[in-house]
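Reader: Hi! I have a structure open on my screen and would like to talk it through with you. Could you help me read it?

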Amino acid sequence: MRSAGRTVPPFLLACLLLSGCSSLGTPTSTPTRSPAAGAPRSAAPTSGASGKTIAVGAGPQQHYAVQQQPAAGSCHYRYEQGEPLEDPTCNPGAVSPAVTQANLASTICRKGGYTSGVRPSAYVTGKEKKLDAASYGFTGSLSDAEYDHLISLQLGGDPNDPRNLWVEPADPGHKKGAGVNNKKDPVETKLHTAVCAGKVTLAAAQQAIVTDWTTALTRLGID
């Protein structure tokens, strides 16, 4: 005996089984999938609370090469209370991509030190120092001037980016021939201590030093 119910047409049965059919013969559009959250992004310059962007350099190298310096006479020192500051156009600073807030314990804050393993050789920096002295029109004794990392290595500064290195003259009152000895170095050490103690962030310390090293400690409430 034949069933009284009607047989469902094959095409209708297929449509009912497919979740993509909102009405007979009309499939719904597939929603666009957004990028996965937390997907890796390309490296970008760092920017702190002041909004000043700091470039990212090449980072530590197995073999460093002498870097080209700004044209002779194109850079000009600034002075705050007699202390020499870099020309921000020639030396805006540059950070190392190898040092981040997340890896402080294994880089700049690790026991045993970090800077000696990433510092360029004197052979390279000696040549760069002479070239950069010409950039600034520096005519004093190079033995009393420091070829300084604006953002120090102990604060994650790039080791050999020319934007991060400048010939820093001796402090006012410095005895000629006494060698390198300036007030910026203790500031860098205090900032390093504060970063490793978690009192300030790495980015904040870097921002403070490129803005004005003479006010960096006060700016961050450390001094």
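Author: Happy to! One term before we start: contact means heavy atoms within 4.5 Å. Also keep in mind that this is a predicted model.

Reader: Thanks! Then which residues does E188 touch, leaving out those up to four places away in sequence?

Author: E188 touches D148, H149, L150, S152, Q154, L155 and I209.

Reader: Where does E188 lie?

Author: E188 is part of helix 3.

Reader: And is E188 buried or exposed?

Author: E188 is buried, because its relative accessibility is 5% and the cut-off for buried is under 20%.

Reader: How do helix 3 and helix 4 cross?

Author: Two packed helices are described by the angle between their axes and the distance between the axes. Here, helix 3 (residues 184-196) and helix 4 (residues 202-211) have axes that come within 9 Å and cross at roughly 165 degrees. Angles over 145 degrees count as roughly antiparallel, so that is how helix 3 and helix 4 run relative to each other.

Reader: Is the crossing left-handed or right-handed?

Author: Helix 3 passes helix 4 in a right-handed crossing. On the helix 3 side, the contact is made by K184, V187, E188, L191 and V195, while helix 4 brings L202, A205 and I209.

Reader: Changing topic: where is A105 found?

Author: A105 sits in the loop between strand 7 (94-95) and helix 2 (122-136). A105 is exposed, as its relative accessible area is 65%.

Reader: How far apart are A105 and C196?

Author: They are 91 residues apart in sequence, and 7.8 Å apart in space from C-alpha to C-alpha.

Reader: Let's zoom out. How many helices and strands are there in the protein?

Author: The protein has five helices and nine strands. Their order from the N terminus is α-β-β-β-β-β-β-β-α-β-β-α-α-α.

Reader: And what share of the protein's residues is buried?

Author: Of the 223 residues, 37% are buried. The protein exposes about 13,300 Å², and carbon and sulfur atoms supply 56% of that area.

Terms used:
Residues numbered from 1 in each chain as written. Predicted model: local features only at pLDDT ≥ 70, side-chain atom pairs only at ≥ 80, totals over all residues. Heavy atoms only, no water. Axes fitted to C-alpha atoms, helices over the stretch in contact; angles between N-to-C directions. Helix = DSSP H or I, 4+ residues; strand = E, 2+ residues; numbered from the N terminus. Parallel < 35°, antiparallel > 145°, perpendicular 65-115°, else oblique. Left-handed = near helix turned anticlockwise from the far one by under 90°. Buried < 20%, exposed > 50% of the residue type's maximum accessible area, 1.4 Å probe, protein only. Areas by Shrake-Rupley, 256 points an atom, 1.4 Å probe, with all protein chains shown as cover.
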